[in-house]
Structure formats: structure tokens, C-alpha cells
Amino acid sequence: MIARVFPKTRMRRLRKHSWLRELTQEHTLHAKDLILPLFIHESPVTEPISSLPGTFRYGLTDLLKICQDAAQLGIPAVALFPVVNDDKKDPSGSEAFNPDNIICQAVCAINALNLDLGIICDCALDPYTNHSHDGVLQADGDVDNDSTIALLAKQAILLAQAGCHVIAPSDMQDGRVGYIRSALDQNHFHEVSILSYTAKYASHLYAPFRDAVGAHGIKNSAHPGQKLDKKTYQMNPANRQEALHIARSHLSEGADCLMVKPATSYLDVLYHIQQDTKAPVFAYQVSGEYHMLKTFSSHMHIDFLDILYENLIACKRAGASAILTYGAIEMARALQTTHG
């Protein structure tokens with residue numbers, strides 16, 4: 001390695017001018033790197049989500065408008081999450097298998113717009129169950145892994161039939177990627193991709209999301225022995241090698257892309273998965289991360305877009321192929337102004 005020492009080498013020379021900083025910049029953020037998560041509910045009235053500033057539970061009409069805005073800004077895909085009415089929730093999440101549920105309606109309506117916009121659908125039962133766990137419960141109150149993955153395959157087929165382009169199983173049950181891939185292929189959905197939530201950690205940073213979708217059942221203990229957290233299936237934050245094992249397993253089962261969630265707290269995991277597998281790895285800047293940035297920028301009078309950019313470029317630097325962020329629209333507009 002060449003020794004570069006002061007004073008012959010002055011690293012600040014490359015930082016002197018803005019144009020020189022741009023010429024020597026190693027990573028770049030574009031609108032095409034962003035995915036916009038969207039919440040949709042059955043009410044026609046769009047309402048703000050108080051626990052997640054700047055986000056909304058969209059009625060279908062407004063959802064279509066925001067999808068059009070995203071496409072025009074060059075955002076390549078949206079990720080859809082349902083807000084299910086409490087009277088439609090039950091222990092098995094049966095509303096997830098209703099071909100006329102709010103997500104299927106939304107997928108069909110977005111596709112009818114003929115936008116150049118990908119549709120990613122969450123494949124999990126927690127928005128639909130009254131206990132808010134990511135599957136059906138067994139006698140001891142824990143999630144029944146094998147019964148759940150059979151239901152997830154059924155849900156995936158329904159989403160594919162509605163016109164979803166990418167199935168994103170977020171439940172963290174063992175074997176579900178292979179089960180879903182087989183089910184899709186057997187039903188001639190060979191071209192539907194799987195984005196597997198590979199390293200989804202048991203994090204407190206999901207709290208605003210759970211409020212956004214109304215997943216309050218996990219704290220209600222409505223079922224005997226029900227767990228009050230998701231630590232029996234989501235990953236231990238202390239583990240990194242485990243994430244590499246899961247990544248390899250998911251790819252062998254048929255995953256097309258991998259996901260790390262949360263993002264900025266686990267950039268080391270993202271980097272190691274990308275380096276190990278060379279597969280596309282997505283980062284999810286989760287609701288708690290986004291909320292903290294919003295709150296910090298407000299309290300410290302810092303431009304939110306500056307600090308959002310700093311976090312998103314960190315994901316790119318770690319090797320993320322794409323980033324899910326609730327600030328995708330704001331960031332895309334800012335990038336259009338700066339680089340358009």
C-alpha cells in the first residue's frame with residue numbers, strides 16, 4: 001500500500017471546492033434508490049398518523065394520487081401495508097385471504113393507472129390477527145411456524161393474483177421463503193419476485209408502525225399464554241452471523257432480494273450480507289428511525305432533508321441496493337431540485 005503522509009498529502013485539498021467534493025464522492029443517492037412505504041385503510045378519508053409525523057393512512061383515491069406523484073418523481077416502487085378494521089381481525093387473520101380486501105383493491109387500482117411503478121406487498125398476518133402476532137398461535141401462545149407458513153403461501157398467491165410484483169414476507173418464520181416460492185411457481189407466478197425480510201431484528205423502533213396499522217393486540221394478552229413481544233421469531237439484536245446464515249438459506253430457498261430491518265442501527269449486518277452473498281440487499285429505514293430524525297431536526301432546528309440524506313447515503317455506503325423510507329417523496333423532490 002502506498003504511504004500517503006502529511007504534508008505532501010493533504011486530504012483537505014479534495015474538500016476545498018463543492019465541485020471537487022462532487023467529483024470525488026464515492027456514493028450517490030438517486031430517487032431510483034428509494035421505495036415508498038404506504039398505509040391504506042378502508043375509509044375514503046385520508047388521515048394523518050400522529051405517531052409518525054408526515055405520514056398518512058390513505059383512502060384509496062388519495063393513495064392513487066401519491067402513487068402517481070412517486071412515479072413522476074422517479075421512485076421505482078411502493079410498498080403497501082394494510083390498516084384492517086378491528087371487526088375484521090381474528091386469531092387466524094382470515095381477512096388476509098379475502099380477494100376483495102383493501103390491499104387487493106389497492107393493487108388492482110394502482111395497476112389500472114398503467115404507471116411505471118413496482119408494487120411490493122407485505123406478506124404477513126400481524127395486521128389481520130387480533131393478537132397482532134405474525135402468524136397463528138399454538139397451545140403455548142407462541143406462533144406456530146409450520147401452520148403459519150402454509151397460510152403465508154396462500155396469502156402470497158392471493159397477492160400475486162391481484163397483480164403484486166414483489167411478495168415481501170416479513171414474518172420471520174423458518175422455511176417460509178421456500179414454501180412461498182414453491183406455491184408461486186406451482187400457480188404459474190414464476191415472474192413474481194420475493195423480497196425476504198432476512199434480518200428483521202426484535203426492535204423497539206417498530207412502535208410507530210404498529211400504531212399506524214393498529215397492531216395493538218400484542219399487548220392485550222387476549223389469548224392464553226400469548227407472548228407480549230416477538231422475540232421468539234424476530235432476531236436477537238446481538239447477532240450478526242445468524243443473519244448471514246439466514247441470508248444464504250433464503251437465497252437457496254428462492255429469494256430474489258434480501259432485507260435488513262431496521263436500517264441505520266444494523267449497517268454492519270447489511271454490509272456483511274451484501275459482501276457475503278453479492279445479492280441485492282434492501283434497507284428499511286423503519287418508523288422509529290424516521291420519527292427520531294423528524295423529532296431531532298425539529299427540536300434542533302436542523303433541515304430534515306439534510307439529516308435524512310445523511311442517513312440514506314449511509315445505507316448506500318453500506319451496500320444497500322434500495323432503501324425503504326417514509327421520506328421517499330420529500331427526498332426525491334429534493335434530489336430533483338439539486339440534480340434535476
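A: Here is strand 6, taken step by step.

This is a predicted model: local features need pLDDT of at least 70, side-chain atom pairs count only at pLDDT 80 or more, and totals for chains, interfaces and linings use all residues. Residues are numbered from 1 along each chain as its sequence is written, and side-chain values use heavy atoms, leaving out hydrogens and water.

Strand 6 spans residues 166-169. Helices (H or I, at least four residues) and strands (E, at least two) are DSSP runs, numbered from the N terminus.

Start with the faces. In a regular strand, side chains alternate between the two faces of the sheet. Val166 and Ala168 sit on one side of strand 6, Ile167 and Pro169 on the other. Each of these is buried, meaning under 20% relative accessible area (1.4 Å probe, protein chains only).

Now the partners. Two strands pair if DSSP finds at least two bridges between them. Strand 5 (residues 118-123) runs parallel to strand 6, joined by 4 bridges. Here Cys123 stands opposite Pro169. Strand 7 (residues 193-200) is also parallel to strand 6, with 2 bridges. Ile167 has Ile194 of strand 7 as its bridge partner.

Strand 5, helix 4 (residues 145-162) and strand 6 make a right-handed β-α-β unit. Right-handed means that, with the strands pointing away from the viewer, the path from the first strand over the helix to the second runs clockwise. From strand 6 the chain crosses through helix 5 (residues 176-186) to strand 7, and this β-α-β crossover is right-handed.

Note on methods:
Buried means under 20% relative accessible area, exposed over 50%, partly exposed in between (1.4 Å probe, protein chains only).
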